[in-house]
Amino acid sequence: MTSDRQARPPSLDGARPPSLGGARPPSLDGARPPGDIPDFVEGEWLGDVSVGVDAWTRRGGGEGTTPPPPEARPEEPGDEASRSDAEAFARKILLDQLTGQARSRKELAERLAKKNVPDDLAARLLDRFEEVGLIDDAAFARAWVASRGRAEGRALARRALAQELRRKGVADEVAREALDEIDPAEEEAAARALVRRKLRSMGSLAPEVRTRRLLGMLARKGYPGSLAMAAIRSEMADVPESEV
C-alpha cells in the first residue's frame with residue numbers, strides 16, 4: 001500500500017528548501033561532491049553557492065575537469081599575429097601618406113582613425129615616427145609657408161597661412177616660428193603680383209569697381225587692408241590711361 005505522504009523529489013539544484021529541514025538529499029548523479037557539507041543544519045542555511053557551481057561545472061565538463069579562471073586562460077594563438085598584422089597595416093598607411101609630401105601629425109592621426117587603427121597603436125607609431133624625424137610639424141610648417149606664400153603659388157599672406165596651419169593641427173607657437181620667416185617686402189611684392197594679374201581681366205570695369213573687387217580678393221588671401229590698398233593704388237597707377 002502506498003504511503004499517504006510521499007517523499008518530495010529533490011530540487012534541480014540538489015538542495016532542499018529550509019522549511020523541510022533535514023540533511024541535504026543526494027545530488028542528481030547520486031553522489032555528493034567531495035568535501036561537501038550539508039547545506040542545512042537544524043533548518044539554518046550554511047551552504048555556499050560556489051560549491052554547487054563548481055560541482056555543476058565539473059559535471060558539465062567531464063569528471064575531474066575545472067576550467068581555468070579568466071586571468072589564467074592561455075592567450076589565443078592568433079593574438080600576437082593579429083597585433084603584428086595591425087601594426088604593419090598602420091605603418092604602411094603612414095609611409096604611404098608621407099611619400100612625396102610632408103604631413104602634420106594631426107593629418108596622419110586622422111588618416112589612421114579613418115582606417116580604424118586602435119588609438120593606442122596609432123599613438124605609439126606616431127610617437128616613433130616623430131622620434132626618427134619622419135613626422136616634424138615644425139618642418140611641415142616651414143614647407144607649407146614657403147609653398148603657399150610664394151607669388152607663383154597661391155600667394156597667401158600671414159593671416160591666411162596661420163589659419164591653414166591651425167586647421168592642420170600645428171601648434172600656434174610652432175606656426176609662429178615659420179610665419180616669422182616671411183619677409184614683409186616679399187609679402188608686399190606677392191600682393192602687387194596678384195593685383196597686376198587680376199587687372200588684366202578688368203579692363204572694362206570702372207576704377208571703383210576694380211578697387212572693390214581687388215580689395216576683396218586680397219582680403220580672402222589674408223592681406224591686411226593697408227597693405228592691400230597700397231598695392232592696388234601702386235598697380236592701378238601703372239595702368240595706361242586708355243585702360244582706365
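Let's start with a pair of charged side chains: R192 and E235 meet in a salt bridge, with N and O 2.8 Å apart. R192 sits in helix α8 and E235 in helix α10, so this pair ties together parts that are 43 residues apart in sequence. Keep in mind that this is a predicted model. Of the two partners, R192 is partly exposed, at 25% relative accessible area, while E235 is buried at 5%.

Salt bridges also join E87, R91 and R124 into one network through shared partners. How many salt bridges turn up in a search of the whole structure? The search finds 12. Here are three of them.

| Salt bridge | N to O distance | Relative accessible area |
|---|---|---|
| R192 and E235 | 2.8 Å | R192 25%, E235 5% |
| R91 and E87 | 2.8 Å | R91 32% |
| E131 and R128 | 3.1 Å | E131 59%, R128 47% |

R91 and E87 are four residues apart in helix α2 (residues 79-98), so about one helical turn separates them. E131 and R128 are three residues apart in helix α4, again about one helical turn. In general, an α-helix has 3.6 residues a turn, so residues three or four places apart point the same way.

**Helix α4**

Helix α4 has 13 residues, which at 1.5 Å a residue should span 18 Å; its end C-alpha atoms are 18 Å apart, so the two agree. Which residues of α4 are buried? They are L121, A122, L125, L126 and F129. Looking down the axis of α4, these buried residues fall within an arc of 125°, so they line one face of the helix. The face turned away from that buried side carries the exposed residues D119, D120 and E131.

N116, in the loop between α3 (105-114) and α4 (119-131), has a positive phi of about 65° although it is not a glycine. Most residues other than glycine have a negative phi. N116 is also exposed, with a relative accessible area of 66%. After α4 comes G133, whose phi is positive as well, near 85°.

**The nonpolar cores**

Now for the inside. The largest nonpolar core has 18 residues, and V195, L214, L218 and Y223 have the most contacts inside it. Helices α8 (184-199), α9 (207-220) and α10 (225-237) are the elements that give two or more residues to this core. A second, separate core of 14 residues includes F140, V145, L161 and A175.

Leaving out residues up to four places away in sequence, L214 touches V195, K198, L199, M202 and I232.

**An aromatic pair in α5**

One aromatic pair is found in the whole structure. The rings of F140 and W144 have their centres 5.7 Å apart and their planes at 35°, so the pair counts as tilted. These two residues are four apart in helix α5, so about one helical turn lies between them. Is F140 buried or exposed? F140 is buried, at 3% relative accessible area, and W144 is buried at 16%.

**A buried loop residue**

Last stop: A155, in the loop between α5 (137-148) and α6 (158-167). A155 is buried, with a relative accessible area of 0%. Not counting residues up to four places away in sequence, its contacts include R148, A190, L194 and Y223. A155 and V145 are 10 residues apart in sequence, and their C-alpha atoms are 9.6 Å apart in space.

How values were computed
Residues are numbered from 1 along each chain as its sequence is written. This is a predicted model: local features need pLDDT of at least 70, side-chain atom pairs count only at pLDDT 80 or more; totals for chains, interfaces and linings use all residues. Side-chain values use heavy atoms; hydrogens and water are left out. Buried means under 20% relative accessible area, exposed over 50%, partly exposed in between (1.4 Å probe, protein chains only). Contact means heavy atoms within 4.5 Å. The expected span of a helix is 1.5 Å times one less than its number of residues. The arc is that of the directions from the helix axis to the C-beta atoms. A nonpolar core is a set of buried Ala, Val, Leu, Ile, Met, Phe, Trp, Tyr and Cys residues joined through side-chain atoms within 4.5 Å. Rings of Phe, Tyr and Trp (its six-membered ring) pair if their centres lie within 6.5 Å; planes under 30 degrees apart count as stacked, over 60 as edge-to-face and the rest as tilted. A salt bridge is a side-chain nitrogen of Lys or Arg within 4 Å of a carboxyl oxygen of Asp or Glu.
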